Every structure is written in structure tokens, then in C-alpha cells.
Amino acid sequence: MDQYIGRLLDGRYEILEIIGTGGMAVVYKARCHRLNRLVAIKILKDEFARDEEFRRRFRAEGEAVAMLSHPNIVQVYDVSTSDSANFIVMELIDGISLKEYMEKKGVLNWKETLHFSLQIAKGLEHAHSRGIIHRDIKPHNIMVLKNGSVKVMDFGIARVMNKSNTLTKEALGSVHYISPEQAKGGYTDNRSDLYSLGVVMYEMMAGRPPYDGESAVSVAIQHINGGAPLPSSYNPNLPTGLEQIIMKAMALEARDRYVSATEMLQDMEEFRKNPAIVFDYHTLLDDATRKIPTAGIPMTTAEKKVRSRTGERPVSQQTGQRRTGTASRPVTAQRDSDIVSRVQQRHRQEQKKKDNERSRVATTAVVICSAVAVFAIIVFLIALFSGALLDQEKDTVEVPYLTGGLYSEALVEAHPDFNIRLLPQQYNENHPKDEIISQEPVGGSKVQRGSDIWITVSMGPEPEVKKLDNFVGADAEEAYKLLDSQGFKPLKKKEASYVYEAGVVTRTDPAADSEVTVGQTIYIYVSTGPEVVEVSMPNVVGLELERARELLTQMGFTNVRYEPTESSRPQNEVVYQSVNKNEAVDVSAEVIVQYSSGVAETVESTQPSETDSDVTVPPFGVSWVVPESDEEYQLDVCMGGTSEVLFSKLIPPGAKTVIFDLTGSGTVYYDLYIDGEFLETKKVVFSS
């Protein structure tokens, strides 16, 4: 049996069952006893949990992701790192992974692909706006719900998981979707996620990923080299516009991809409105403008190298299909044969003419070349003296001096001739927050209009490390004000507590005495008092004691007092309950249940007697204990075993006993009923 099944983590999460297993963690279904809800808990495997640096990064990333809130992102509720277990608490999703969905359906249609991709891109857009990069987008990390919506999971955790960049068997599931820069261990940003999204879209439309191999390393090398065949070569029903979106997201160079998820969403929306659209993509590559192809098979890496040397594209072995509109049609073998025959016939005719005219053409070529050379010299001299060559510099601009200024949206808008790009921010004691530390290229240099300027922005001095004070038991408002004055970012969360009264701090996250830095978010958990869970009281009178105990336990009652009482009812049969049937009651409130001990209660007459007889004796007072109630109720006394009511009496609120004047002889049994519900049986022995 699994070591965690049945355990209670952090005093609140009861592990119920395993629902998934990955290379680095196991996912369990669990119940949160504090909030009475089902959750999913991802627990790190022991080999990773033993690494202290890994645990620290795991917690930091988890806390950052817990701040995300979007309908297409799985919500993270809690993160905990300890010696016993290191885990993340997430919302429990009723659905399957996109990988399982694709395995069941095979190739998806383009409408379904677009439906899923739009939601994934919206989730990425939200995370990227908060500075969080996923780094492990793949169908396994995308959940498909029963209503058709999708949620992306494991945001930010991939940064921790990638601490070891070795491409082992465990990485095989992810390596099919990683970007080239990830495969090379280089710098990654939001465009790396967009590449992975493009690969996921490719697989949805083609029924297979763009690259595959026998090992993770071989697949990674293919990502680095590029040159994947168009997905339409596997699925001829793929519209051109959607294929362009996929291939742009999967561009080998990050600068050729979409700048942001927002930009990619805009194209998706354009395609959704007009599925026949064909985009005109332009990207800057090696100081030359090129278009992403809208039809035909793109050049492979080898073809690109040949073209760079010869200026011509070689005949590809993969060009067995041509694009027409939004679909591909295979060229039949018969058609190929007809074309070849016509070409060969035309070639023989032309060759004969060329043989006759070769000498004349050679002479003509010499004359033309000479004329062209003279003309070129004349044009060059005219252009030189007219200043035309100097006009080539008219499209170059001077790089502005940005170092020392403050980075903002206004700065970007003030320099429309450049693409201002951000490098990772850095702590710097000599530069205040948001000040630009450096830029590349440097200010004053000349570059072409539209060039990139890469800048590094300061995060200000590195925060001072402090130890968090103990606020448990303190007034929540006072704790909030104190933390705010110390430079932290306090956030209040409510939770029920049976220990602390409402408005008092029950705990903090991080806990007291933890090392914290100025500007860090501190969660203050504030008591709302005892959690009130009301249920409808069942009727347990007449049930066997153990059956009554089992029923009340299953319903959540935690404060039931079981008392034996003398009764003519069978032993261990419940004869009384302090809360009436169907009454709403808090499961933590005290409930008294009395059961028969099997010993009869004898009430002796105060009348003097010499011997027992069946002679009716004069009336005498009998005092019986009755249930105490806050409301008035009716007590009926019937002859034992019958429904004949002998006496009825209204019992006032708070009364504990009742007195009846009884007349009889010998031993008599009486049944007591409260508002028509049986209470218990009393036995009276009359003395003559």
C-alpha cells in the first residue's frame, strides 16, 4: 500500500487515493477537513524531496503560481515543504488530460483544435502578464473538462523540474514539446511557451508530434535543427490560415515567433472569424525580409544550407504534394508520367534549335555583356555624383540613450522606430527600481529602423533578509498594519478555528521565525470562529446502540454522549435522544443518547403495606425524569403496549421532572410519548 494513503498532511489533508503518477511526483485525491472539500495533491518523490535547494525553489515557485487566478488555469490552493512530505494542493479536476483525449479521438478537426488552443493561449496570456513562464506546455499538462473547457496545470513548476537539464527517459514525455532554446539549455521566455503550444496544435491536427525518435536526445536535436514537415502533409483538411499560425509559433528562431500570447490570440480570432484567411507574415532575418510560406512544403535545414551556397533551392524528396486553397491533393503517378513525357519531348525540340543557334547566341551574349557592363558603369557614376548611394543611409536611425532612464510603457511608445526588448531583471544597489542598467546596442550607434534594443531593468537593492515575527493569537488588523509598515505585502485569508475566536490570527504563511525579505507576500490566516456545519437530526430511538453510533458518526457528529438508562426495552436499544428528529443541529454540539441497560426501574409506593396484592391502592404521586427542552412540549402517558392515552400534560420549558397521581395494583408498565414520538417505558410496582 502507498505510504501516503490514509495519512493526514498538515493536520487537514487526508490522502484518499492515487489518481496519477509522473516522473517527479505522484498526484493524490484528498479531502481538506478544514474546508470540507476534495482537492488534488501533488507530492514530490523522495529522490527530489531530499534536495534542500530543490525544495526551496519548489516552494517559491508554488507560492508565485498560487497568485494566478484564471478560468483556464488549474487553481493552486496551498504549497508545503517539510521533512515528511513536499506537496502542492490544487483544485480537483473532473476530466481527462488532453493527451488522453487525443489518444481516444485521434486526429482532431480544426474547429476543436482552435477551441482548445484559444483557451490554452488565454491561460498563457494571463500567466505571462504576471511574469510566470510555464516551460512545460504539453498535452499531459492540459486538462479537458466535461463541459469542453480546458485548464492548464503545473504553471511555474517546470522551472523547478528543469533544475537538472539531463534528457533522460523521464524527460521523453516533455522533449517532444520543448523549444529549441530549451533543448540547448539557453535563455527561455514567453515565446518558448508559444513554441510548445504550436507543437501541441501540430499534434492535434496531424495526429502526431512534428519530431520523434528512439531517444530524448535525438528528438531534442531535431528541435534544434528544425525543418518539420507541414502538418497538412499528414492532414490535407487543415486550413492554410491555421497552419500558418502553427508554423509561426513553431519558428526555429524565437524572434520569428509571435511576440506574445496576445498577438497569437489576435491571429486565432481573425482565423475564427474568417477560416479562409491567408496571413502575410514578414519577419526580419539576417537583414533580409522573408515571408513565411503560405503554400507548398517549407525548406528543410539541409535545403536552406544549399540555397545559402548556390542561391537555388534543390529538388526536395518531400515535395510529393502541392497545396491548393486550404487542402492538399496528391499528384497521381499517371499525371507525373504525362508531365515527364511532355517535358522530354519539348526538351528534344528545343535542344535541336539550340545546337543550330549556339554559335550565334555566343556572339550575341558577348555583345550584350559588354553593353551591360558599359551601362552599369555609366549608371554607377551618375548615382555616385547625384548622391543616390548616400541615400542608403536614410533608413538608418540613431539609437537613443536609454541607460539611466526609467522603464515604462511610455518609454516604449516614445521610440516607435525600435523594438524595445527586456532581458531578465537584476537586483542592483546602485540603481533604483525600474531604472535601466544597460542597453544593447549602446546609445548613439547607427542601426536600421525597426531594430531590437535589449535593455536590463533594475529591481532595486536586494531585499534584506529578516525573520518573521510570531503573530499567532494577535488581532488580525494589528498584525496587518504592522507587517505593512515593515515593508511586507500582507494578505488576509479566512479560516474556521475552534481554538481562536473570530478576528484573531491563527497562523501565517510563511510561519513564524521563517526567513523573509522586504516586499514579500505574507498570508495572514484570520479565524472566523468555530466552523458551523448543520445537519438534520436523524431519529435513532429504537435503533440498536452500535447502529445509532455508526449513523451519527457518518453524519459528522463529534460530541455525542451515550448514557445507559433503566428501561423495559431490550438491552442496548436507544430509548431517548436529546435533539428531536429533523431538527437542524450543529455537528459539534452536544447530543445525549440514552440506551436501555435492561434493568427495570421500580417505583415504591409510600403507602404502608403488609403484603403484595392485586387490590387497587389509593392514588399516590410518582415523579419521573423527563427531557429538558427550551420549548414547551406535550407528554402523553399510555398503558404499556397500547395506544390508549391515560394522561396528557404540557411540559413547560426547562422542566426536568413531572409528577403524576397514579392508581393501580401489582406491576404496571407505562409508555411515555413526547409530541407523538415514543420516549421510553416506565415500570411501577404498586404496594397494597
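I began with C638, which is buried (under 20% relative accessible area, with exposed over 50%, partly exposed in between, 1.4 Å probe, protein chains only). Its relative accessible area is 4%. I then looked up C32, and C32 counts as buried at 1% relative accessibility.

Some ground rules for these notes. The model is predicted, so I read local features only at pLDDT of at least 70 and side-chain atom pairs only at pLDDT 80 or more, while totals for chains, interfaces and linings use all residues. Residues are numbered from 1 along each chain as its sequence is written, and side-chain values use heavy atoms, with hydrogens and water left out.

Disulfides next. I took a disulfide as a pair of cysteine sulfur atoms within 2.5 Å. The count came to zero.

Then salt bridges. I required a side-chain nitrogen of Lys or Arg within 4 Å of a carboxyl oxygen of Asp or Glu. I got 18 of them.

I looked at D189 and R191. Their side chains meet in a salt bridge at 2.8 Å, N to O. D189 is buried at 12%. R191 is buried at 9%.

I moved on to R449 and D417. Their closest N and O atoms are 3.0 Å apart in a salt bridge. This pair links distant parts of the chain, 32 residues apart. R449 sits in the loop between β17 (446-448) and β18 (452-457), and D417 in the loop between α14 (409-413) and β15 (419-422). For helices I used DSSP runs of H or I, at least four residues; for strands, runs of E, at least two; numbering goes from the N terminus. R449 is partly exposed at 39%, and D417 is partly exposed at 29%.

I checked R549 with E546. The closest N and O atoms of this salt bridge are 3.6 Å apart. Both residues belong to helix α16 (residues 545-554), three residues apart, so about one helical turn separates them. R549 is partly exposed at 32%; E546 is partly exposed at 45%.

I also noted a network of salt bridges that links R34, E495 and R507.

Which helix is mostly covered? I found α10 (residues 240-249), with ten of its ten residues buried. Among them are E243, Q244 and K248.

Last, surface charge. E583, E628, D630 and E631 gather in a patch of negative charge. Patch members have over 30% relative accessible area and no salt bridge, with like charges joined within 9 Å and nonpolar side chains (Val, Leu, Ile, Met, Phe, Trp, Tyr) within 5 Å. I placed E628 in the loop between β29 (620-625) and β30 (633-639).

Technical notes
Areas by Shrake-Rupley, 256 points an atom, 1.4 Å probe, with all protein chains shown as cover. Lys, Arg positive; Asp, Glu negative; His and termini not counted. Charge placed at Lys NZ, Arg CZ, Asp CG, Glu CD.
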